[in-house]
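Have the model open as you read.

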Amino acid sequence: MQITFELNNETVCLDVDPLRPLLDVLREELGLTGTKRGCGEGECGACAVLVNDRLVNSCLLPVGAVVHGRVMTIEGFRQTGAYQRLAEAFTEAGAVQCGFCTPGMILAAAALLRRNSQPDETEIRAALAGNLCRCTGLNMIVEAVQLAARRGGAPW
Amino acid sequence: MVTAFRPVTLNEALAIRRTHGTVPLAGGTDLMAAAPSCSPGRGESSPSIMFIGHLTELRQIRMEQGEWRLGAAVTLADILDHARLPAPLRQAVADMASPAIRNVATAGGNICNASPCGDTLPFLYAQAARVLLCDSGNRRELPIERFIIGPGKTALRPDELLTEIVFPAREFVVHRHHKVGARRANTLAKLSFLGLADMDAAGRLSDIRLTFGSVAPTVIRAPQLEQRLCGLPLTEMKHHIDEISAAYDGLIQPIDDQRSTREYRKQVCLNLLRWFLEELIA
């Protein structure tokens, strides 16, 4: 099936099996390996991307479901001021260790801050509930999001 | 490659359903997770798939003549974002999965998946919800408890689509929802309880709905037991709690599985029921 969608602000058109998970298409067809495969069943959030500005697990999303949609991966998000703010906060708070969960965490944080620029701790934990981190114990990541929110200054 | 359809309108989707059958895929979160190598329809007898999650006819949330009408492809996130929808429904949805899954998973999917632990089902049973089923020429409505036949089984015909979920826009003064799982997020229920109740000016129970999820092939609700409680002055409730609990003890027959045990499920259900009834007195 011919599938057209917007990926990181550029139009892409692919002839792929529409039932292939978006994750596989991103990594194997398009070489965008910033999106990680963790559990492959929607439990861990390592594969999270933004679809129409909303956080989505790309392992569970057939690529046929994003026809005419807007997909943003960590590679595209890197070009934004919001990314710069989050990256600084994650670095300062010690929120990155092995880094495997980080692309998903950054996008989950971005999706939260876009809707709620001053979240409290409960809201941050709820927004990150689908993203697992096995290194940091999560607390440093929560602190990183608090730090980024407190500093503000980004067009989330 | 599995045949996939992507209709532009609901009418087109119903025509495809009539001609080709096909498995409807709205959000796909259950289908994709269940399929081997995370992609549905890869088996030998792979059926075709039809994307329906983008159909605007299925994405509406409307109030009409005192009833809520949710399109089948309304997402769980849409329900959470809609502040006027009943609190117990929004609370049940808030306890489901994770934000990334709620952004995709749909109201209709949670019903058609017909899981014993479907988290929206206790609310829909308590509210006597109906589902609207359409084929390319006709439409019919079924009460939720007649649509869901058993685990993974529904009364949906091969040429039909579930298009809307309908329930009275009726709020209850008291509502308590408890989902018991191994952790707070991204978890399947070991059991769940929803209690709804209203009192009249004279301090009598005027309406009560009690539902239990994940403890039977389908949601447990016993309208005849609820009926017996209606009209009961709350001051007399304490004399009836043991009797009510015993009646539900007979009805709740859960199983042992990888998530929990029969004993735990039943005991916690009865504890939550007792807690709810005691709270009504206070």
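The side chain of B:Gln127 has a polar atom 3.0 Å from the backbone oxygen of B:Arg170. This is a predicted model, with local features needing pLDDT of at least 70, side-chain atom pairs counting only at pLDDT 80 or more, and totals for chains, interfaces and linings using all residues. Residues are numbered from 1 along each chain as its sequence is written, chains are lettered from A in the order written, and side-chain values use heavy atoms, leaving out hydrogens and water.

B:Gln127 sits in the loop between α7 (121–126) and β6 (130–134) of chain B. It counts as buried because its relative accessibility is 2%, where buried means under 20% relative accessible area with a 1.4 Å probe, protein chains only. Beyond neighbours within four places in sequence, B:Gln127 is in contact (heavy atoms within 4.5 Å) with B:Phe167, B:Pro168, B:Arg170, B:Phe172 and B:Arg209.

Over in chain A, an automatic or database assignment gives domain 1 (2–77) and domain 2 (81–151). Here's how the two pair up:

| Domain 1 and domain 2 of chain A | Value |
|---|---|
| Distance between C-alpha centres | 21 Å |
| Area buried between them | about 1,400 Å² |

That buried area is the accessible area (1.4 Å probe) lost on putting the two parts together, summed over both. A:Leu55, A:Ile74 and A:Phe77 supply 40% of what domain 1 of chain A buries against domain 2 of chain A, more than any other three residues. A:Asp53 and A:Arg114 form a salt bridge at 2.8 Å, N to O (a side-chain nitrogen of Lys or Arg within 4 Å of a carboxyl oxygen of Asp or Glu).

Note on methods. Helix = DSSP H or I, 4+ residues; strand = E, 2+ residues; numbered from the N terminus. Buried < 20%, exposed > 50% of the residue type's maximum accessible area, 1.4 Å probe, protein only. Polar contact = N/O pair within 3.5 Å; in protein donor to acceptor, adjacent residues only side chain to side chain.
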